[in-house]
Amino acid sequence: QVQLVESGGGSVQAGGSLRLSCAVSGYTYDSSYCVGWFRQAQGKEREGVAAIYYITHNTYYADDVKGRFTISQDNPKNTLYLQMNNLLPEDTAMYYCAADCNPTSRGVLGAAYWGQGVEVTVSS
């Protein structure tokens, strides 16, 4: 039912920017409170990066991305974005779009629905 397709990943130097996009379909917003982004670096568990809560109208950001990353959604609510500025080598990871999520949970249980992931590589 729910499909999430990410795009916009790539390789950049430290200090550069990337904008990730997630095309969402089949998502029932009335039954889900959270849509967001997770990332998984090599040898580490998947962790929440940023999320939007539709019931409370709040956003969540992991401490290490605050002030650098911005999550947003277009008006039709069919595309989710993650603007990543001032990228650091520590941001290198596979980034996953997620629906019906809990961004404070780690691993694949952090969300009910996942995109296929896009690779982000930041060189020093």
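# Close-up views: salt bridges, disulfides and one glutamine

View 1. The cut-off for buried is under 20% relative accessible area. The model shown here, as in every view below, is predicted. The side chain of arginine 68 meets that of aspartate 91 in a salt bridge, with N to O at 2.7 Å. This pair links distant parts of the chain, 23 residues apart. Arginine 68 sits in the loop between strand 6 and strand 7, whereas aspartate 91 sits in the loop between strand 8 and strand 9. Aspartate 91 is buried too, at a relative accessible area of 2%. Through shared partners, salt bridges join Arg39, Glu47, Asp64, Arg68, Asp91 and Arg106 into one network.

**View 2. Arginine 39 with aspartate 64.** How many salt bridges does the structure hold? There are six. In one of them, the side chains of arginine 39 and aspartate 64 meet at 2.8 Å, N to O. Arginine 39 belongs to strand 4 and aspartate 64 to the loop between strand 6 (58–61) and strand 7 (69–73), so the bridge ties together parts 25 residues apart in sequence. Is arginine 39 buried or exposed? With a relative accessible area of 4%, arginine 39 is buried. Aspartate 64 has a relative accessible area of 44% and is partly exposed. Both residues belong to the network that also includes Arg68 and Asp91.

**View 3. Lysine 66 with aspartate 63.** A salt bridge joins lysine 66 to aspartate 63. Their closest N and O atoms are 3.1 Å apart. Lysine 66 is exposed, and aspartate 63 is exposed as well.

**View 4. The disulfide of cysteine 22 and cysteine 97.** The structure has two disulfides. One of them pairs cysteine 22 with cysteine 97, and the sulfur atoms are 2.1 Å apart. About the S-S bond the angle is -85 degrees, and the link is left-handed. Cysteine 22 is in strand 3 (residues 18–25) and cysteine 97 in strand 9 (residues 93–101), so the link ties together parts 75 residues apart in sequence.

**View 5. The disulfide of cysteine 34 and cysteine 101.** Here the sulfur atoms of cysteine 34 and cysteine 101 are 2.1 Å apart and form a disulfide. The torsion about this S-S bond is about -60 degrees, so the link is left-handed. Which strands does the pair connect? Cysteine 34 lies in strand 4 (residues 34–40) and cysteine 101 in strand 9, so parts 67 residues apart in sequence are tied together. Cysteine 34 and cysteine 101 are buried. With the bonded cysteines of the protein numbered in sequence order, the pairing reads 1-3, 2-4.

**View 6. Glutamine 83 and its surroundings.** Glutamine 83 is part of strand 8 (residues 79–84). Its side chain makes a polar contact with the side chain of asparagine 85, at 3.0 Å. Which residues does glutamine 83 touch, leaving aside neighbours within four places in sequence? The contacts are Ser17, Leu18 and Arg19, together with Arg68, Phe69 and Thr70. Among these, Arg68 is the residue of View 1, where its side chain bridges to aspartate 91.

Definitions and conventions
Residues numbered from 1 in each chain as written. Predicted model: local features only at pLDDT ≥ 70, side-chain atom pairs only at ≥ 80, totals over all residues. Heavy atoms only, no water. Disulfide = S-S within 2.5 Å. Helix = DSSP H or I, 4+ residues; strand = E, 2+ residues; numbered from the N terminus. Buried < 20%, exposed > 50% of the residue type's maximum accessible area, 1.4 Å probe, protein only. Polar contact = N/O pair within 3.5 Å; in protein donor to acceptor, adjacent residues only side chain to side chain. Contact = heavy atoms within 4.5 Å. Salt bridge = Lys/Arg side-chain N within 4 Å of Asp/Glu carboxyl O.
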